[in-house]
Amino acid sequence: MIREQTVKEFDKSITVLTRSNGIVHAYVSNAKNIKNSKSTATGLLTYSQFVFYKNRERYVADEAAAKEVFIGLRSDIKKLALAQYLCELAGAVVQEEEPSEEQLRLVLNSLYVLSKNIKPEPLVKAAFELRMMSLCGFMPNLVCCSGCAIYEHEEMRFIPTDGVLMCPDCAASSKKSGVLTGLGATAAMRHCVYSEFDKLFSFTVSDNAMNAFKKAAEQYVLSCLDRQFTTLEFYKSIS
Ligand SMILES: [Zn+2]
């Protein structure tokens, strides 16, 4: 459940990231009635089993049962705000009517890691951003410098507008500045884009590299999608 909006007194309009059909916008009647089992299942950030039917061109959620509510996110305003941004980002890049198993897995794993405090928030955020963008057709090219193909450089830069790496010489000659990702943040970004899914969160970032890693991932999202996210603004305002 990545978005909910009350319609009339008891009904809801919801957005769900589904395994089989990607983003689904649906209508739920009587969902605000807390005696109704659909009430919990259609709450934001809940992983639920849904049965939808199509009425004319619109999906209607006929049955819904909550499977996981990520309780650890509910008591921490910062985590909750970050989780809402991850959902808003998923809603912006995942397609409708497309199987989206990996994207769903990414959202569920990220919410789990956040809710259980397994990794620092900035790491989860940046890993999610880079992986989600990669899964949805915006994979950056982090193999080597896009100009001279050098693999590593202490002053390697990531150019968010182009989604590429550049060594300082190539960056200077093409008049690009980007984010100085050096060795540590470049390695972390490569891990997020190219690692096997099961190992996505199995990495660490030094304090020194964290800032560049965070900045590069976020700027890449904003530059690819050319829009702002109210949930991101809110998360940053309380961080
Ligand atoms: Zn170069």
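## Overall size

The radius of gyration here is taken over C-alpha atoms, and the globule rule it gets checked against is 2.2 Å times the number of residues to the power 0.38. For 239 residues, that rule puts a compact globule near 18 Å, and the protein chain comes in at 19 Å, which agrees. Along the principal axes, the C-alpha atoms fill a box of roughly 65 × 35 × 30 Å.

A quick word on provenance: this is a predicted model, so local features need pLDDT of at least 70 and side-chain atom pairs count only at pLDDT 80 or more, while totals for chains, interfaces and linings use all residues. Residues are numbered from 1 along each chain as its sequence is written.

## Strands and sheets

The protein chain has nine helices and nine strands. These are DSSP runs numbered from the N terminus, with helices being H or I of at least four residues and strands being E of at least two. Two strands count as paired if DSSP finds at least two bridges between them.

Take β5 (residues 58-68) to begin with. It runs parallel to β3 (residues 22-28), joined by two bridges, with Y27 standing opposite V60. On β4 (residues 47-55), the link to β5 is antiparallel and has nine bridges; F50 sits opposite A64 there. β4 and β5 make a hairpin with two residues between them, and R56 in the turn has a positive phi of about 50°.

Further along is an open sheet of four strands, ordered β6-β8-β7-β9 with mixed pairing. Its edge strands, β6 (141-145) and β9 (179-180), each pair on one side only. β6 pairs with β8 (residues 164-166) in the parallel sense over two bridges, and N141 stands opposite V164.

## Core and contacts

Of the 239 residues, 38% count as buried, meaning 20 or more other C-beta atoms lie within 10 Å of the residue's own, with C-beta atoms placed from the backbone (12 or fewer is exposed, in between is partly exposed). A nonpolar core is a set of buried Ala, Val, Leu, Ile, Met, Phe, Trp, Tyr and Cys residues joined through C-beta atoms within 7 Å. The largest one has 66 residues, and those touching the most other members include A83, L86, M189 and F213. This core draws at least three residues from each of domain 1 (3-68) and domain 2 (71-238), with bounds from an automatic or database domain assignment.

Contacts need C-beta atoms, placed from the backbone, within 7 Å. Leaving out residues up to four places away in sequence, F213 touches A126, A185, A188, M189 and V205.

How values were computed: Contact = placed C-beta atoms within 7 Å.
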